[in-house]
Amino acid sequence: VVWLVMSLRMPSIDPWEVIQRNLDGARLAMAEGRYTDPSERSAFHYYNTVLALDPKNADAIAGIDAIADRHLTNARVMLADQRVAEAAIAIDRARRVRPQHDGLPALDTQLRAELKRILTAANARLQVEPAKAKVTKASPVAPPRSNTPSAAPSKPLLTQKQPAVSSATTAPESGLTSAPSSTRV
């Protein structure tokens, strides 16, 4: 009886239909350039859904490889254009898609070499010869004078000692007086 009730309540899902729907969604996402982002509508998401249902699905495996290849190609182009930060992002995306991709070690090496070249060039520009690096004492600068007569000099705010506050004060709006406090502040 339980089996009958459960079978009536559960919808029949054809896994091959779900696989085909996700493969179609992945192809559309690839055509629109949604390789890994946004995550829930990306080709990578659809291919992973297919692999969850059919781990040996050749189309999904080839699709994930194509996504990784696309990111690595983008990284190569960006490195050639010396857009190092964008290349690093593309390499990271490829690593998330296919961590063991054959092209990753070579691009990692190329990225590190480019970063080293940039840092070496930046350090060379920042080095200063000791003879040229003289420290001079700054002279005080007088404020600019204006031709208009100035107003009376303003008094400093806290030059005089403030009078002590009495223990019983009157609130002007209400006419009430507060009782002396037993604790000192």
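Student: How many helices and strands are in the protein?
Tutor: The protein has 6 helices and 0 strands. Both are DSSP runs numbered from the N terminus, with helices being H or I of at least four residues and strands E of at least two. Along the sequence the pattern reads α-α-α-α-α-α.

Student: Where do these coordinates come from, and what conventions apply?
Tutor: This is a predicted model, in which local features need pLDDT of at least 70 and side-chain atom pairs count only at pLDDT 80 or more, while totals for chains, interfaces and linings use all residues. Residues are numbered from 1 along each chain as its sequence is written, and side-chain values use heavy atoms, with hydrogens and water left out.

Student: What share of the residues is buried?
Tutor: Of the 185 residues, 23% are buried. Buried means under 20% relative accessible area, exposed means over 50%, and partly exposed lies in between (1.4 Å probe, protein chains only). The accessible surface of the protein is about 15,200 Å², and 59% of that belongs to carbon and sulfur atoms. These areas come from the Shrake-Rupley method with a 1.4 Å probe.

Student: Turning to α4, which of its residues are buried?
Tutor: The buried residues of α4 are A60, G63, I64, I67, A68, H71, L72, A75, M78 and L79. They pack against α2 (15-31), α3, α5 and α6, where contact means heavy atoms within 4.5 Å.

Student: How far apart are the end C-alpha atoms of α4?
Tutor: They are 33 Å apart, which agrees with the 33 Å that its 23 residues should span at 1.5 Å a residue. The expected span is 1.5 Å times one less than the number of residues.

Student: And what is found at the start of α4 and after it?
Tutor: At the start of α4, a side-chain oxygen of N57 comes to within 3.0 Å of the backbone nitrogen of D59. After α4 comes Q82, whose phi is positive, near 60 degrees.

Student: Which residues of α6 are buried, and what covers them?
Tutor: In α6 (residues 104-126), the buried residues are L104, L107, D108, L111 and E114. Their cover includes α4 (58-80) and α5 (84-97).

Student: Where is D54, and is it buried or exposed?
Tutor: D54 is in the loop between α3 (43-53) and α4. D54 is buried yet has no salt bridge, and K56, the nearest side chain of opposite charge, is 8.2 Å away. For charge, Lys and Arg count as positive and Asp and Glu as negative, while His and the chain ends are not counted. Leaving aside neighbours within four places in sequence, D54 is in contact with W16 and I19.

Student: How many salt bridges are there by the rule used?
Tutor: The count is 10, a salt bridge being a side-chain nitrogen of Lys or Arg within 4 Å of a carboxyl oxygen of Asp or Glu. One of them joins E17 and R21 (3.2 Å, N to O). Both lie in helix α2, 4 residues apart, about one turn of the helix.

Student: Why does R21 count as exposed?
Tutor: R21 counts as exposed because its relative accessibility is 52%. E17 is partly exposed, with a relative accessible area of 47%.

Student: What about the salt bridge between D59 and R27?
Tutor: Their side chains meet at 3.8 Å, N to O. The pair links distant parts of the chain, with D59 in helix α4 and R27 in helix α2, 32 residues apart.

How values were computed. A polar contact is a pair of N or O atoms within 3.5 Å; within protein, one must be able to donate a hydrogen and the other to accept it, and residues adjacent in sequence count only if both atoms are side-chain atoms.
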